[in-house]
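My notes follow the model below.

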Amino acid sequence: MPVIKDGQLVENDWTFIPDSVPLDGVSRPVVSLARWQGESRALLGRNRWLGLRLPNIADPAVIGAELHCFALIELEFPTFRDGRAYSQARLLRERHGYLGELRAVGGIGRDQYFFLDRCGFDSVRVAGDEAELACALEGWYEAMAEISVPMQPASDRRPPASSLRERRRAAAGAS
Amino acid sequence: MYRYDEFDSALVNERVAQFRGQVARRLSGYLDEDRFKPLRLMNGVYLQLHAYMLRVAIPYGTLDSRQMRRLARIARVYDRGYGHFTTRQNVQYNWPKLAEVPDILAELAEVEMHAIQTSGNCIRNVTADHFAGAAADEVEDPRIHAEVIRQWSTLHPEFSFLPRKFKIAVTGAARDRAAINVHDIGLQMLRNEAGEPGFRVVVGGGLGRTPIVGPTIREFLPKAELLSYLEAVLRVYNRLGRRDNPFKARIKILVASVGGDAFAAMVEEEWQALRGGSLDLPEEEVARIAAYFAPPPFGALPAQDTEFEAMRFEDRDFARWCRTNLHPHKQQGYAILSISLKPVGGVPGDATAEQMEAVADLAERYGLDEIRVSHEQNLVLPHIRLRDVHAVWQGLVAAGLGAANIGLVSDIISCPGLDYCNLANARSIPVAQRIATRFADLDRQHDIGELKLKISGCINACGYHHVGHIGILGVDKKGSEFYQITLGGSAGEDASLGEIVGPAFSYDDVVDAVETLVETYVGLRETGERFLDAYRRLGSAPFKEALYAGH
C-alpha cells in the first residue's frame, strides 16, 4: 500500500516483519517493540535501516533513549476512533526529540489528516481501494488547507492564533 | 462579551466549509455512516429517534440579543418554530435536514456562534456559572478562562478522539452554580494565601451509570498555568482511559480505578514536563480576553427603588414572581432576573422563536444586551435595573414566560426521554408535565419552597437525576415504564448523590409518589428548612415509611 509523505503519494518501501520471520534480505524492515527489546543488539548489528512499530498502549519513554536507532516509527490507529497515537506522536516529537519519519498506520482517512499533521506525523499509510487511492492526495491537500489558523500550539510549525495575536501586538507596539 | 477577531472568524467559517464538504461526501456516498458519524458529531449533529438533531454551543451560556434573534430565525426557517435549551448551556434543534445543516452553521458563524464539539468524544462546549459577572460572591468572572479553554480546546489535534466525551465547567465563586463536582474537570476560582487568583481542580466527577462526586486533585493552580495543567490531565486520560467498553470510558472510571491521589501524581508528572512552554498565555492575551468581560456600563443607582417597592406592594403576582425569579446583583440598584422555561404543562427548556425574540428585545432594551442560559434549562437577564424589573416582568408575561417558579418543585430539569431519544427507556417530559400540573397551585409551590426535581429517561442521566433533591430515573421493567426515585442529591458546593428510596413506581403512580414525599417533608420540616436539609436531618426512614407503608 502506498503512503502519503511530504505531500506526495509514494510507494511504501518499508515492510513489517512478524516476530517469527527472519529479517534476512529485507532492506527496510519494521519490527515490533517486543522484538526490538529482545534483539536490539542483533538488529543494530545488521547496520541497516530499521523501523519500529510502537503499539499504542506503549509509553514512548521506553524507547526515549534509543530513538536514534530508528529511521521510521509507525504508530497504530486500530480504528480512527482510537486517538492514543496522537499523544504518542507529540511525546516522541516534543518531549523525546525524535527526528525520523513518523508514520500513521491503520484505519485513518482524509478527515484525520489535519490532526495527524499537527501532531507531528509526516507520513500516513493509505488504506482502501483504488478509488480511495486516486483521491487520497487531493484529500490530503484539501485537509491541509481547511483550517488556516489553529487555536493551540502542537507539534507542527503552524503558528497558533495566540502567537499571531502576540506578533500583531508587537508590531503595533513597534510602530 | 467576547467578540471574534479575524482568527476566530476564520476558523469558524472554514469549519462551515469543511463540514459542507463532509456532508457532500456523505450524501454522495463516499463516506459511509460509520465514518461520517464522528465528523457530524464534532459539529453537533446527532441522529435521533425521528430525525437529525443539531446542538448549537452557547459557550459559557452567554449571548446577546443579535445572537438570540438568530437562534429564533433558525428555529423558524430550518426547524418547527422552537428550540430546546439544554443542561449544558446549549440549544438543540430537533428537526433540521442534514443537507441544510451547513447553511445553519453559516448563519451561526455570521453572529459568532458555532456547533463545534457539542458532541462526540472530544472536549465539549465549556460551561460556567450563569450569574458570572453579576454575582456578588465571585473572585473573578469565570468566563474569561472559560473563553481561554474554548479557544484552546477547539479542534485540538491531540484530543479529538478521546476514549469518551469530556466536559469542563468553571465557576468564579464558592457558591457552585456550575455543578463543577460532577464534571470531567471542574474548576473553581479562589485565592491562595498570598491573595493571588487561581483554580481548585476537581477531576473525574460525573453522573451516568456510575455517578461520582469528583475528587480535588489540586487545591490551587495558578491562573497562568491553566492550559498546561489541562493538557496534562487530557494527555493522561487520552493515553490511559479505557477504550474497551464505552460505559467504562469516562475519565471518572480511570480516576476511581487508580484513586484520586495516584491520578493527581500522574498528572503532576506530566505537567512538570509540559509547564512553562508555549501553552502559557502572555499576560497581554489574557488581558485582551478579559477586556471583553469588563463590567458593562452600570449606572450609579440607589440601593432601593421606590417604584419597584411600590409595584411589589401593589401587585401580588409580581411580588410572588420576584420572590423566586430575582437574585441579588453585585451592583447596587440592579437585579439578576431568571426567566423560567418551565411553564405548567410545557416542555422544560423549550422556547418558541417568538419567545426568543421577546427575550432578545427585553435584553436589548433593559438588560445591557446580555442573556444567559442556565444549566437548569432557564434563561437569565443578568443586569436589570430594579426600576425596570416590573416592565420586564410584564414583557415576559405577555410572551408566556412569566412562570414564578425558579427553584421550586415545577422548575424541573428533564432530559428529552423516550419521546425523542433512542437511548431512553421511558418518557421523561410527560412525567415532568404531570408533576408540574399536580403542583400547579403557585401558593402551594411557594409554601413548599426550594425543591430541585430532576428526571432522566435512562441510566445515562442527562436529566441529572442523581443530583436532584428528588431524582426520578425511568427504567424499563418487562416492557413497561417504571420510575426509580432517589432522594438527597445536590449539584451545588455541597454536592451529594441521591439515594434510592425503594422499589420503582409505575408511570401512573410516580406523580402520587412525588406528592407523598413532598407532603411528608411539609409535615416534618422545621421553620425555614428546605427539603434537602430536612432529608439530610431526618434520613430516608420517614419518606420510605410514607411511600411504602401500605405495601
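I looked up strand 14 (residues 371-373) and strand 15 (residues 379-385) of chain B and found them paired in the antiparallel sense over 2 bridges. Two strands pair if DSSP finds at least two bridges between them. Helices (H or I, at least four residues) and strands (E, at least two) are DSSP runs, numbered from the N terminus. Arg372(B) has Val380(B) in strand 15 as its bridge partner.

I noted that this is a predicted model, where local features need pLDDT of at least 70, side-chain atom pairs count only at pLDDT 80 or more, and totals for chains, interfaces and linings use all residues. Residues are numbered from 1 along each chain as its sequence is written, and chains are lettered from A and ligands numbered from 1 in the order in which they are written.

Next I traced the sheet. It is open, has 5 strands in the order 3-14-15-12-11 (chain B), and pairs antiparallel. Strand 3 (62-63) and strand 11 (326-328) are its edges, each pairing on one side only.

Then I checked strand 12 of chain B. I found 5 bridges joining it to strand 15, antiparallel. Ala335(B) is the bridge partner of Ile384(B) there. Strand 11 pairs with strand 12 over 3 bridges, also antiparallel. Pro328(B) stands opposite Ala335(B). These two strands form a hairpin with 5 residues between them, and Gly333(B) in the turn has a positive phi of about 90 degrees.

Is strand 12 of chain B buried or exposed? I found 6 of its 6 residues buried, meaning 20 or more other C-beta atoms, placed from the backbone, lie within 10 Å of a residue's own.

Note on methods: A residue is buried if 20 or more other C-beta atoms lie within 10 Å of its own, exposed if 12 or fewer, and partly exposed in between; C-beta atoms are placed from the backbone.
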